Amino acid sequence: MSEETDKSISAEETEEEISEDDICPYCGENKKQEESDYCAECEAAMLARKIPFLAWIGGLVAVVFSVFALAIVFLLTAPSIQVAKGDSYAREKRWYSAYTAYSDVPAVVDEITTILGGESPFVQTGTNIAVKKFDALAHYTSPLEAFYYESQSVSHLEGKFNTTMKGYYEIYNDYMSSYDIVLETLETKFGMTEPSAEEMHAAVEDLRGTEGVSDIWIDYYHLTFAYNFNESDEAALKYLKAIDESAKKSKLDYSWLYYTELSDLLYKMNDYEGSTEYLDKLIKNDRTNFGAYELKMRITLKIKGLEEAKKLLDEFIEYNEGIDTAYVLRIMYLRAAKEYDKALELCVEAQEEFATAPELYRQEALIHLLKGEYGKAYEAVFTAYSNASYIAQYYQDDSSLTNQLYNTLYLCSYLESEKGSMNTDNASEISNIINDLKDYVNAESVLDVISGKKTVEQVLTEGEYDLV
Amino acid sequence: MRTLYIITRILTFPGAYLRGFWEQLTCRILGLPVEIPGYLRIDEACSHVEHALAKKGFASYLMATGAGFMNFMTGLPIFLAGFMNLRYMGITPYDNLGYFIFYVIITYIGFSMLCNIFPLVEDTMNLFDVAYKQKKMNIIGRILFAIPSALAFVGSFLEKYCITFIALAAAVILSFVI
């Protein structure tokens with residue numbers, strides 16, 4: 001009996017052990033099906049589990065909306081690439097290139113609008129592009145100039161939360177308030193009389209500490225008066241140093257206000273090291289600052305020679321390839337290296353790409369002067385002058401009508417009339433130019449050539465390397 | 001880590017919910033029983049459904065990559081449509097508040113979907129076991145699916161430790177800052 005009982009117990013235990021492995025893990029009661037992890041009942045229940053209605057809706061909406069979103073992405077790709085290009089230039093501090101890239105975004109959007117046959121609310125340029133464009137222009141020129149050209153597109157941001165524009169508005173409002181107070185004070189004090197330089201300096205100095213007038217602008221007005229009253233370079237330098245001191249105390253960046261002036265003045269005063277120090281700062285702030293590179297190139301040619309100048313040229317080209325200024329600096333270098341034919345070839349190549357860039361024609365004129373081709377020089381510089389006048393008239397941008405252009409125009413006209421084979425067609429034109437400009441010509445190098453102290457070659461391939 | 005995982009799933013709940021849906025749909029298509037269907041559960045399987053492991057090669061591949069693939073394919077355009085408008089086209093609340101909010105929402109939804117594209121580690125382990133160890137997938141399939149499988153394998157660990165969420169969030173924030 002006991003043997004039988006033992007046998008039945010051990011049989012039950014074995015049966016239990018087997019059945020535990022085979023028991024459905026979900027219900028813990030029934031036996032699993034063959035080749036399944038669950039019993040038939042549980043598996044049927046699991047397979048019959050409904051997907052929630054909300055999930056079906058969510059999935060469907062996601063699929064449909066993703067198709068719509070894909071269409072938006074396709075439309076936005078071209079303008080976004082353009083903005084990304086601008087951002088990349090801005091990160092490298094190539095502000096002119098960045099400004100150009102941002103300026104082209106609306107044109108790309110317009111193309112898409114044309115393709116779509118109408119404006120789409122999903123393809124619009126927003127305020128941040130206007131801010132980026134403003135920022136690029138402010139770095140390339142100055143915040144005040146940026147307000148002059150771009151204020152309309154950002155005017156709605158005044159007093160609103162925008163970290164970029166906040167600083168610019170501070171500068172602008174500070175300038176405007178100082179300007180209004182200074183102007184009112186001078187008008188009240190002097191009216192229609194013509195005050196002396198000392199009186200003007202004293203009147204502005206009296207405003208120091210007045211609410212609404214910043215020290216930096218007081219110093220800047222001193223500098224302006226120094227220039228207007230033809231005060232000495234030392235006096236101008238004193239005011240520029242004062243501006244520098246005031247700028248250092250300000251939490252805002254005012255380098256745009258005086259670095260160029262300071263480097264030019266130091267150069268004029270033969271302090272090439274000091275000038276280079278500020279030019280380097282300008283270049284560090286803006287890799288597309290042609291003015292800074294051009295002056296540094298002249299200093300380098302003057303004190304370090306062609307080899308170092310070539311390095312500087314390569315650096316400029318690295319950041320400005322495809323821009324007309326890259327051609328100008330290259331032509332200037334070739335001129336200094338006395339490779340006139342190569343320089344002329346480059347002029348022609350550049351003019352094909354940038355047909356209206358005045359500086360390219362002025363550079364061509366300088367090379368013709370060096371080759372003694374005064375007629376061609378006159379024609380080239382006259383084209384430069386015509387283009388610059390056209391730009392000034394139609395685009396309200398007179399930055400191309402430089403002192404150097406007037407000086408070149410005068411010298412070319414003078415040499416053509418004196419030494420060239422002036423034809424009857426342009427004879428009266430040339431004599432008119434000579435008459436109109438003779439009182440305004442101020443470049444020492446031009447006066448030296450006219451007086452016979454120096455030759456054209458001495459002026460353009462040594463010394464200043466330009467008509468300045 | 002479990003808490004962080006659950007927090008990130010909750011933060012990206014639209015994508016987490018949709019991933020759960022795609023997973024359950026895949027189970028239904030493949031005839032795999034679903035034990036617990038809840039998509040947003042407070043445990044380490046949050047945003048997944050608990051299902052029987054696939055026993056065939058292609059089924060195991062689909063279970064590991066199908067749901068994530070759907071979230072990626074639908075989430076990427078949704079994310080980009082919002083992100084490109086905000087980041088590149090420069091749309092701000094000062095332009096059009098309605099559109100701005102719309103773009104912020106779709107950027108968030110797209111982002112949440114992209115944060116939920118990788119499978120559970122168990123599913124990728126099962127894929128490697130079934131398809132590559134037991135070789136229940138033919139050689140062409142094993143070669144064709146090698147890269148996506150490897151990506152799913154790595155991604156499942158990244159998602160387990162919330163690295164996908166952190167990396168994506170950092171990338172989006174940095175793109176606006178830089």
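1. A quick definition to start: helices here are DSSP runs of H or I with at least four residues, strands are runs of E with at least two, and both are numbered from the N terminus. On that basis chain A of this predicted model has 23 helices and zero strands.

2. Now for the overall shape of chain A. The C-alpha atoms fill a box of roughly 145 × 60 × 50 Å along the principal axes. The radius of gyration is 37 Å, whereas a compact globule of 468 residues would come in near 23 Å.

3. How much of chain A is buried? The share is 38% of its 468 residues. As for contacts in chain A between residues at least 6 apart in sequence, 50% of them join residues at least 24 apart.

4. Next, have a look at where the chains meet: 35 residues of chain A are in contact with 30 residues of chain B. On the chain A side, helix H2 (40-47), helix H3 (53-91) and helix H6 (127-140) each supply at least two residues. H3(A) gives the most, with 16 residues. Sorted by class, this side of chain A has 20 nonpolar, 10 polar and five charged residues.

5. Is A:Asn270 buried or exposed? A:Asn270 counts as exposed because it has 9 C-beta neighbours inside 10 Å, and the cut-off for exposed is 12 or fewer.

Note on methods. Residues numbered from 1 in each chain as written. Chains lettered and ligands numbered in written order. Predicted model: local features only at pLDDT ≥ 70, side-chain atom pairs only at ≥ 80, totals over all residues. Buried ≥ 20, exposed ≤ 12 C-beta atoms within 10 Å, placed from the backbone. Rg over C-alpha atoms; globule rule 2.2 N^0.38 Å. Contact = placed C-beta atoms within 7 Å. Nonpolar A, V, L, I, M, F, W, Y, C, P; charged D, E, K, R; others polar.
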